[in-house]
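Trainee: Hi! Could you walk me through the aromatic rings in this one?
Mentor: Happy to, let's have a look together.

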Amino acid sequence: MTHSPSTPTSDAPEEAPEGASPACVMVFNASDPSGAGGLTADIATIASVGGHPVAVVTGAYVRDTSEIFDHYSFDDEAVTDQARAALEDLPVQAIKVGFVGSPENISAIAELTADYADLPVISYMPNLSWWQDSLIDQYLDAFRELMLPQTTVLVGNHSTLWRWLLPEWGREHSPTARDLAAAAAEMGTPYTLVTGIPLPEQFVDNVLASPETVLGNGRFELFDATFTGAGDTLSAALTALVACGSDLGEACSEALGYLDRCLDNGFRPGMGHIVPDRLFWAEPDDDAEGADDAAPGQDIDLPSVDGFVLPPHDTKH
């Protein structure tokens with residue numbers, strides 16, 4: 001039964017004031033029962049930076065805070081049905097694609113994002129070395145062919161992207177962020193955020209690049225600890241900030257600063273690795289006075305990209 005706007009029902013909720021709702025951020029990822037990464041990390045991160053998480057479960061990890069033991073993938077129809085039901089109801093502003101478990105799920109998500117070509121898509125490629133080699137190859141091939149043409153920004157660690165995008169790299173020096181961005185651009189991805197680029201004296205660089213230029217970078221000192229879930233945290237924060245209206249340069253700078261604070265306040269919930277504290281700002285602060293003036297990151301130089309417009313991903317499947 002339907003009702004016209006002029007005949008509201010008695011139990012209909014009142015309309016929220018315009019602009020009162022947080023931006024809706026859809027994320028495709030596997031459930032992580034340890035809370036270290038995966039969909040758990042995405043939900044906490046998106047909510048922490050001010051978005052409303054629209055979480056689509058693509059499968060489930062069997063893992064603890066130290067390692068991944070196995071993964072169970074959802075059927076692609078189940079993934080599609082979840083996403084389409086939410087998209088028909090909620091005004092999603094941006095989409096993140098994490099680890100989705102199978103080439104079939106990649107194909108389904110690529111087809112869905114093609115139907116919503118105006119929405120920016122941030123794709124995160126994690127380290128898959130825990131998985132079977134044959135499954136890794138199938139997954140990476142499908143992601144390259146189907147998902148990269150739909151991706152606005154690819155996020156990944158320098159070594160992970162190097163092995164995947166430039167496996168036959170034979171030069172004496174390691175590939176730069178622009179080299180990796182050029183490899184991704186061959187498949188239709190205009191921007192790449194390369195993390196963990198080694199620098200001298202225990203520093204790493206995180207570089208946002210296109211094939212033509214470096215748009216900005218954030219330089220950080222390495223923490224003396226092993227973390228789990230940093231990549232999911234960064235990519236989810238970037239997606240949420242873009243969804244909230246920040247241009248890419250500003251969103252990338254803020255996401256890197258947010259990740260740095262999460263790592264600086266990281267904790268060890270179990271017997272494994274340290275987990276980023278995505279709600280660090282909610283903890284009691286002994287030095288609250290002047291806390292608002294503290295910089296969220298270190299040595300960040302990511303300028304806002306004036307007039308930046310996220311290009312549509314209109315490749316059809």
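Mentor: Let's start with Tyr61, which is buried at a relative accessible area of 8% (buried is under 20%, exposed over 50%, partly exposed in between, with a 1.4 Å probe and protein chains only). This is a predicted model, where local features need pLDDT of at least 70, side-chain atom pairs count only at pLDDT 80 or more, and totals for chains, interfaces and linings use all residues. Residues are numbered from 1 along each chain as its sequence is written, and side-chain values use heavy atoms, without hydrogens and water.

Trainee: How many aromatic pairs does the structure hold?
Mentor: There are 10, counting Phe, Tyr and Trp rings (the six-membered one for Trp) with centres within 6.5 Å; planes under 30 degrees apart are stacked, over 60 edge-to-face, the rest tilted. One of them joins Tyr61 and Trp130 edge-to-face, at 6.1 Å between centres and 70° between planes.

Trainee: And is Trp130 buried or partly exposed?
Mentor: Trp130 is partly exposed, at 22% relative accessibility.

Trainee: What about Phe99 and Tyr139?
Mentor: Those two make a tilted pair, 5.1 Å centre to centre with 45° between the planes. Phe99 is buried at 1%, and Tyr139 is buried at 0%.

Trainee: Which residues do ring pairs link into a cluster?
Mentor: The cluster has Tyr61, Phe99, Trp130, Trp131, Tyr139, Phe143 and Trp164.

Trainee: New topic: where does Arg219 lie?
Mentor: Arg219 sits over the face of Phe203, 4.0 Å from the ring centre (the rule is NZ of Lys or CZ of Arg within 6 Å of the centre and within 35 degrees of the ring normal).
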